Structure formats: C-alpha cells, structure tokens
Amino acid sequence: MPSITDQQLISQCLEGNKDAFRLLVQAHQRRVFSLALKMVGDEEEAKDVVQETFIRVWQRLGDYDTQRSFTTWLYVIASRLCLDALRNMKRTSPLPADEQVLRHFAADSATQRQLENREWVSIVRTLADGLSPKQRLVFTLSQLEGLPSQEVEQVTGLSASQVKSNLYVARQTIRERLKRLGYE
C-alpha cells in the first residue's frame with residue numbers, strides 16, 4: 001500500500017475528513033512536541049503547545065499555501081505558540097539538579113543515548129538561561145531540530161542576517177554558560 005502524502009491528507013481534511021486529520025497529527029506531533037519541549041522547557045506546557053498548534057492547523061487549513069512545505073507552515077504556528085508560552089510563563093531558572101543532569105549527560109559518551117523529557121527540560125533550562133525568546137527559537141530550530149537556515153528564516157520571519165546574528169549570540173551565551181559550569 002503506497003504511503004499517503006501530507007498534501008493528500010490536507011486535501012481530505014479540507015473535505016472534512018477527520019480521520020485524515022488524525023493521520024496528519026500522528027505524522028507530525030512528535031516533531032511539534034520536540035520543538036515545544038526544547039523551547040518552553042516544561043513538559044506539560046509543551047503538550048499544551050502541541051494541542052493548540054493542531055487546533056490552529058485544523059482551523060486554518062484552508063489558509064495553507066500548498067506550494068509551501070507543510071512542515072515549515074506547521075513550525076511557524078508552533079514556534080509562535082512557543083514564543084507566546086514563554087512570554088506567559090514565569091521565568092524558570094535552572095536548578096542545581098538541572099545542572100547535575102547536564103553534567104551527567106555531558107559525561108555520557110554513548111552516542112546512541114536517548115534523552116528522556118525531564119532530562120531535556122533540565123538541559124534546556126540550564127543552557128538557555130539568559131537567551132532571549134528569539135535567540136532560543138533560532139538556536140532550537142537550527143541546532144536542536146536541525147532545520148536548514150532558509151527554513152529557519154521562513155519559520156521565524158527573520159532575515160538571513162538576523163538569523164545568523166541571533167544564532168551567534170545564542171551560541172556565545174551557551175558557550176559562556178558551559179564555561180561557567182566547568183566545560184571548555
């Protein structure tokens with residue numbers, strides 16, 4: 001059985017097919033959760049972002065331009081919701097336990113090691129402390145999610161030079177943070 005594309009699912013969704021939408025959600029929810037968790041640093045808040053993202057996708061599917069990548073459009077919605085969530089959340093500073101998780105993770109040489117959600121939260125809190133929401137978004141999309149620069153520009157609405165600038169500052173801030181924690 002041939003696999004169904006996002007475009008085919010979207011066409012079916014526009015005809016009111018809720019099963020097609022469920023398949024679209026299943027195909028992309030991990031990606032959205034990964035971004036949200038890394039951005040907001042809180043598992044429950046990340047789940048809320050995922051839920052709200054797909055509510056908005058369902059509501060605005062008619063506005064989606066099929067000439068563009070669905071994934072990019074999805075990242076635009078999710079990243080804006082992440083930025084909103086960051087603005088609405090109380091600022092959480094890294095805890096000593098968060099730094100301990102980072103030290104343990106950095107010392108683990110197993111390349112196949114998978115992080116659990118709570119470990120990601122600790123690492124994000126520790127490394128992203130001091131980053132602006134825009135810097136955090138650019139760093140997350142580029143370095144943690146592996147998006148190419150052009151897609152980061154499309155998702156964030158920033159120019160190439162703004163993306164480079166925010167990424168540079170984020171890397172410098174994280175590098176300084178790691179030095180303070182004893183990593184060269």
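**Helix packing and burial in a predicted model**

User: What is the angle between H7 and H9, and how far apart are their axes?

Analyst: Helix H7 (residues 133–144) and helix H9 (residues 160–180) pack at about 90°, with axes 8 Å apart. Axes are lines fitted to C-alpha atoms, for helices over the stretch in contact, and angles run from 0 to 180 degrees between N-to-C directions. This is a predicted model: local features need pLDDT of at least 70, side-chain atom pairs pLDDT 80 or more, while totals for chains, interfaces and linings use all residues. Numbering starts from 1 along each chain as its sequence is written, and side-chain values use heavy atoms, without hydrogens or water.

User: Why is H7 called roughly perpendicular to H9?

Analyst: The angle is about 90°. Roughly perpendicular covers 65 to 115 degrees (under 35 is roughly parallel, over 145 roughly antiparallel, the rest oblique). So H7 is roughly perpendicular to H9.

User: How do you know that the length of H4 agrees with its residue count?

Analyst: The expected span is 1.5 Å times one less than the number of residues. For the 19 residues of H4 (residues 70–88) that gives 27 Å, and the end C-alpha atoms are 27 Å apart, so the two agree.

User: What makes H4 largely enclosed?

Analyst: Buried means under 20% relative accessible area, exposed over 50%, partly exposed in between (1.4 Å probe, protein chains only). In H4, 15 of the 19 residues are buried, so the rest of the structure largely encloses it.

User: Why does Gln7 count as partly exposed?

Analyst: Its relative accessibility is 30%, so Gln7 falls in the partly exposed class.

Notes
Helix = DSSP H or I, 4+ residues; strand = E, 2+ residues; numbered from the N terminus.
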